[in-house]
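The stops below go from one element to the next.

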Amino acid sequence: MATFWWCTLGLLTCGYFALAGYDYGVGMLLPGFEADERKRRQTLGALGPFFLANEVWLVAAVGLLFGAFPHLEGKVFAGAYVLVVTLLLGLVTFTASMQLRSRRPDARRGAWTAGIVGGALVTALSWGLFLGNLVIGLPLSPDGSPLGDVLALFSPYAVLWGLGFVALFCLQGAAFLAVRAPAELTGRAVRLARAFSAPVLAFLVIAAGWGFFSLDGVSGFGAVVAGLAFAAFAGARLGLATRRYRLALVGSMVLSACPALLVGTLRFPTVLASPGYALTLDQAATAPETFAVLAWFAPPAVLVLLVVQWLTWRAHRRPVDQRSLLHF
C-alpha cells in the first residue's frame, strides 16, 4: 500500500514540474522579449490560462505528502526549512505579480514585472537547491534531527542543481512560447531555447558524472532516470532543430520531471538519506487506517485533476493571436 501511494505522490510531483516549469521559465525570460507592453502582455497571455492550474499539482502533492508520509514530511521540511521559506516567498511573489500586473490598465507595471521575474528566479533556484540536497543527502544528525547549519544546504553540488534548474526552466519556458506565443515572437523563443540548451546539457553531464562518483546506495532506478533525462533532452533538441516545437515542449517537460523522479527512486526503498541516517518508505508511511481514508478521496481528486488539465490544454492549444483574450 505504501508503494502505491509513493507512486501517486511521484505522479503528482512529476506532473507539477512538467507543467509548472514553463511558468517560471516564461517569467524569467520576460526581459528577453521586447519591452513593448503589447508583446509583454501577449507573452504572459500565452501562459495565462495555465499557470494557476499548474500550481494545483503542487498543492495536491504536498497534501498527499502530509497525509500519507508524515514522518518524511517532518524530516524534509525541518532539514531544509530555509529553502522551503525562500521557495514559498518566490511562489507567492510570482503568483501575486502575475495576477496584479494588468489589473489596472492605466497603472505602471514595472514593479509587477520585476516581481514576476524575481519570483520565478527565486522559485527555480530554490527548487534546484532543495532537490539537489535531497539527492546528495540532507544535512541531518544521526537521529534525523536538523543540524542547524544553514550553509550546509548550499554545498557545491546543491548550487549546481540550483543553477541547472534556472537553465532547465528557461529552456522549458522558451519551448512553451515557441508553441503558444504569437507568430511574431516564435523566432525569439526558439533562439532562447537553443541558447539555454548548452547550459542544460552541461548541467546534466556534470550532475550525472558527479553523482556517479560521489553518491552511495544508488539503485538501478537512478541510472534509468538519468538515461530518460538525456533522451528527453535529445527529443527537445530534435524538436527545435526540425521546427517541431510541440516535440521540443514535450521533451523539455519530461526533462523537468526527471529530477523529481530521480529523488523518489534514487535509493528506493530508502526515501530520505543523510550521512549516518536513512528513512525507508515503511518508516515514512502513515498508519494503514489513514491510507484507507485516503483511498476514498485521493483517486477521484487525481482523476479530476488530470481531466481538467487535459481540457484546459485542449481549449487553449492554439497560439495567442490578436483575437485572444489577455487577462495578464
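Which residues of strand 2 make up its covered face, and which its uncovered one? Select strand 2: Tyr277 and Leu279 are on the covered face, Ala278 and Thr280 on the uncovered one.

Before moving on, note that this is a predicted model, in which local features need pLDDT of at least 70 and side-chain atom pairs count only at pLDDT 80 or more, while totals for chains, interfaces and linings use all residues. Residues are numbered from 1 along each chain as its sequence is written, and side-chain values use heavy atoms, with hydrogens and water left out.

Helices (H or I, at least four residues) and strands (E, at least two) are DSSP runs, numbered from the N terminus.

Strand 1 runs antiparallel to strand 2 (residues 277-280), and four bridges join them; two strands pair if DSSP finds at least two bridges between them. Thr270 stands opposite Thr280. The two strands form a hairpin with two residues between them, and Gly276 in the turn has a positive phi of about 90 degrees. Four of the five residues of strand 1 are buried, so the strand is largely enclosed by the rest of the structure. Buried means under 20% relative accessible area, exposed over 50%, and partly exposed in between (1.4 Å probe, protein chains only).

Of its 21 residues, 16 are buried, so helix 10 is largely enclosed by the rest of the structure. Helix 10 bends by about 30 degrees at Cys258, and Pro259 follows within four residues. The bend is the angle between axes fitted to the seven residues ending at a residue and the seven starting there.

Move to the largest pocket, which holds about 870 Å³ of space. A pocket is an open set of points on a 1 Å grid over the protein atoms alone, where a 1.4 Å probe fits, with protein on both sides within 12 Å along at least five of seven lines; lining residues have an atom within 4 Å of a point. A volume is the space filled by probe spheres set on the points. Of the 39 lining residues, the closest to the pocket's centre are Leu9, Thr13, Ala61, Leu65 and Phe130. Helix 1 gives the most to the lining, with ten residues.

Finish just after helix 6, where Gly137 takes a positive phi of about 115 degrees.
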